[in-house]
Structure formats: structure tokens, C-alpha cells
Amino acid sequence: MEKEEKKFSSSEPISMSQSDLGFAKKIGEVAGTDLNSCLTCMSCSGGCPMYPYMDYGPHGIMRLAVLGLKQEALTSTTIWRCVGCHTCAAVCPMAINIAGVMDYLREECLSENLPIGDKPIFQFHKAFLTSVRFHGRASKVELMGLHKLFTIGSGPKAWMQDAILGTKMILMHKLHLLPSRLMSSGISQVRKIVTGAWRDR
Ligand code: SF4
Ligand code: SF4
């Protein structure tokens, strides 16, 4: 993955004409956190392992949200390159649930049918959530298979690159062929959360 130049260091002015000032409040209600308390101290970005590969970084996404720049936030690479490690939340002086905000923004990007900031990462995300919807939890072998299926257009080299490693892991019992499933009541609860807004993308 290539390192990204930060969009906030661009000399181009950011247009506020499309600003949605209720955006931060709406995110906060869903993610259970108060974005308006953000101090823009950048501690989150300082600790984020993916910051070099993001266009805004977590502090930038918080600022875009508070400014109501919804389109910018939803089409950023940052929301897809966040790996949900919660390092940012651990160092945030205002205890903002930043990974929860990223989750919400990814779902919002898909439900509004906006361009996806990083399509290959989305293909992995889609494979993961498809497996979670089937079983209530992810099956590693199925995740690998679905990811290969969704990226079939990437060519035979990409398609085969994990085949030997995957086979070795199965033979060493590191991967289990049969998925473990939640009980059906648990699966229906999971399906209420993982709605499947991404299925047609
Ligand atoms: S660490 Fe918290 S308060 Fe500081 S910029 Fe990040 S989100 Fe805002
Ligand atoms: S949860 Fe996402 S934004 Fe926060 S530190 Fe980890 S990768 Fe960075």
C-alpha cells in the first residue's frame, strides 16, 4: 500500500457550500460518542498505525464531521484503511469512539452509494461481512474463498498467490474447513446489525 499525501496540507480551499452541520450529531447518536468534544489535538493520528496510508487520518475525519463535510468524509480513503485497532480511542483525551465512527461512515458511504475510497479493501470488508451474515461470525476459509471470488478480475497471479499458504494452513489444522455457527437466534441478531447494504457494490 502506498503512503498518502495529506489532503489538509493541500493549498486548495475546502468549499463549505455543501456543509451539513447536523452530521456530527447524527454520527454521535449512532456511534454513541460526542464528536463535538474533539480538541483536534491529533493524538489519535499520532498513534494510528495506518495514518501514513490515509488521506485525512482520524483527527481529519473528526474535523470533517464537525464541519459537516459529509461527502469528503464518506469518500475518503481513511474510513476504509482504518483497521479498527482502537489505538486512537486509547489515547484520545476526550474518549471519542473513533473506530465506531469509522464503522458508521463506511456503512453510510455504501448506503448512499458514494464512490468507495479504497475498492480492494472494500472487497475484503464485503467478504468478511458476508461470512458474518451467514454464520453470525467469520469463517476464515470462507472469508478467503469469498475474497478470491470477489476479486476474480485481479488476474490468475493474484488469485493463486495464497493458495499454497492456505493449503499448508489447512493441513496443519490452523484453518478449519467447516465454519462454526452461532445459534439461529444469535444469527438473526447479527443480521439486524450487519444489514447487507454493501451486497450490490
Ligand atoms: S485524539 Fe480525540 S480529541 Fe484529539 S484529535 Fe483525535 S479525536 Fe480529537
Ligand atoms: S482504530 Fe483506525 S483510526 Fe484508530 S488507530 Fe486504529 S487504524 Fe487508526
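Predicted model: local features only at pLDDT ≥ 70, side-chain atom pairs only at ≥ 80, totals over all residues.
How many nonpolar, polar and charged residues does the shell around ligand 2 have? The points below come to that shell after the overall layout of the chain.

1. Taken along the principal axes, the C-alpha atoms of the chain fill a box of roughly 55 × 40 × 30 Å.

2. The domain assignment divides the protein chain into domain 1, which covers residues 7-111, and domain 2, which covers residues 119-193. When the centres of domain 1 and domain 2 are taken over C-alpha atoms, 28 Å separate them.

3. Turning to ligand 1, one finds 15 residues around it, and the closest of these are Cys-38, Cys-41, Cys-44, His-59 and Cys-92. Two elements, α2 (43-47) and α3 (57-67), each give two or more residues to this shell, and α3 gives the most, with three residues. Sorted by class, the shell around ligand 1 has twelve nonpolar residues and three polar ones, while charged residues are absent from it.

4. Ligand 2 likewise deserves a point of its own, and here the opening question can be answered. The shell around ligand 2 has eleven nonpolar residues, four polar residues and no charged residues. It is made up of 15 residues, among which Cys-48, Cys-82, Cys-85, Thr-87 and Cys-88 come nearest to the ligand. Helices α6 (87-91) and α7 (98-111) each supply at least two residues of this shell, with the largest share, three residues, coming from α7.

5. The last point concerns a pair of helices, α8 (residues 119-135) and α9 (residues 140-150), which pack with their axes 8 Å apart and at an angle of about 135 degrees. Because of that angle, α8 counts as oblique to α9. As for handedness, α8 passes α9 in a right-handed crossing. On the side of α8 the contact is made by Gln-123, Phe-124, Lys-126, Ala-127, Phe-128, Thr-130 and Ser-131, and on the side of α9 by Glu-142, Leu-143, Leu-146, His-147 and Phe-150. Sorted by class, this contact of α8 with α9 has six nonpolar, four polar and two charged residues.

Methods. Residues numbered from 1 in each chain as written. Chains lettered and ligands numbered in written order. Near = placed C-beta within 6 Å. Helix = DSSP H or I, 4+ residues; strand = E, 2+ residues; numbered from the N terminus. Nonpolar A, V, L, I, M, F, W, Y, C, P; charged D, E, K, R; others polar. Axes fitted to C-alpha atoms, helices over the stretch in contact; angles between N-to-C directions. Parallel < 35°, antiparallel > 145°, perpendicular 65-115°, else oblique. Left-handed = near helix turned anticlockwise from the far one by under 90°. Contact = placed C-beta atoms within 7 Å. Domains from an automatic or database assignment.
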